[in-house]
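Q: I would like to learn how to read strand pairing in a model. Please take the general idea before the case.

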Amino acid sequence: DQDLGSGGAIVLPDMVDIAGLTRHLTVGAGKDGHIYLADRDNMGKFNASSNSTLYQDVGQVVGGVFSTPAYFNGAVYFGGVTDRLKRFTFTQARLSATPASQSSFTFPYPGTTPTISANGTQEEIVWCLYNASPAVLYAFDASNVATQLYSSNDAANSRDHFGAGNKFIVPTVANGKVYAATTNSVAAFGLFTPPPLLDRK
């Protein structure tokens, strides 16, 4: 029971390797906790004894993955089962062997599916849901996920609690709000007071 298919894969933007070649890559992970990168132009073919023909096998660096990673601005984010949210960075089309940063706590089964919001390449936030009762919505600094920006447990009198969690829930960002599903509802998070409009004269 170590199938790769428990986790989703994402297509990465084109990257240039150390030899100056443009690489077309995809990245994903599964129950074995390895992060696999494949060259979409040459997937490597099946080899029963090793993954030596694969573009890169980062090794067992995350918990079992039941989610899809997120990519933003040269980094990929994984939230494995009973593991910390981890940020790995790319250099010359190769992924770092260890996390560049990670959250201070772990996420219970089934881990977490990270979602990124940003203003271009600035003000980047990683949103994650913690499967518990009540569920918890977390926001982390996407450039350093060791920095927690928000938790739905922060406000007094349980103001931001939104019900029991559910497996495989994914935060969805749209129109300045973050949406989170529970077992019987959808919660919407946003600013109480919209920011003032900028004078662009």
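Q: What should I know about the model and the numbering?
A: This is a predicted model, where local features need pLDDT of at least 70, side-chain atom pairs count only at pLDDT 80 or more, and totals for chains, interfaces and linings use all residues. Residues are numbered from 1 along each chain as its sequence is written, and side-chain values use heavy atoms, with hydrogens and water left out.

Q: In which order do the strands of the sheet that holds β12 stand?
A: Strands are DSSP runs (E, at least two residues), numbered from the N terminus, and two of them pair if DSSP finds at least two bridges between them. Here 4 strands form an open antiparallel sheet in the order β12-β13-β14-β15. Its edge strands, β12 and β15 (144–151), pair on one side only. On average, neighbouring strands of this sheet are turned by 30° against each other, direction ignored; axes are lines fitted to C-alpha atoms.

Q: How many bridges join β12 and β13?
A: Strand β12 (residues 115–119) pairs with strand β13 (residues 122–130) over 4 bridges, in the antiparallel sense. T115 has W127 in β13 as its bridge partner. The hairpin has 2 residues between these strands, and G120 takes a positive phi near 65°.

Q: Which residue of β15 stands opposite F140?
A: Q148 stands opposite F140. Strand β14 (residues 136–141) and β15 run antiparallel, joined by 4 bridges.

Q: Why is one side of β16 and of β18 left without a neighbour in the sheet?
A: The antiparallel, open sheet has 3 strands in the order β16-β17-β18. β16 (172–174) and β18 (186–189) stand at the edges with a single partner strand each, so one side of each has no neighbour in the sheet.

Key. Axes fitted to C-alpha atoms, helices over the stretch in contact; angles between N-to-C directions.
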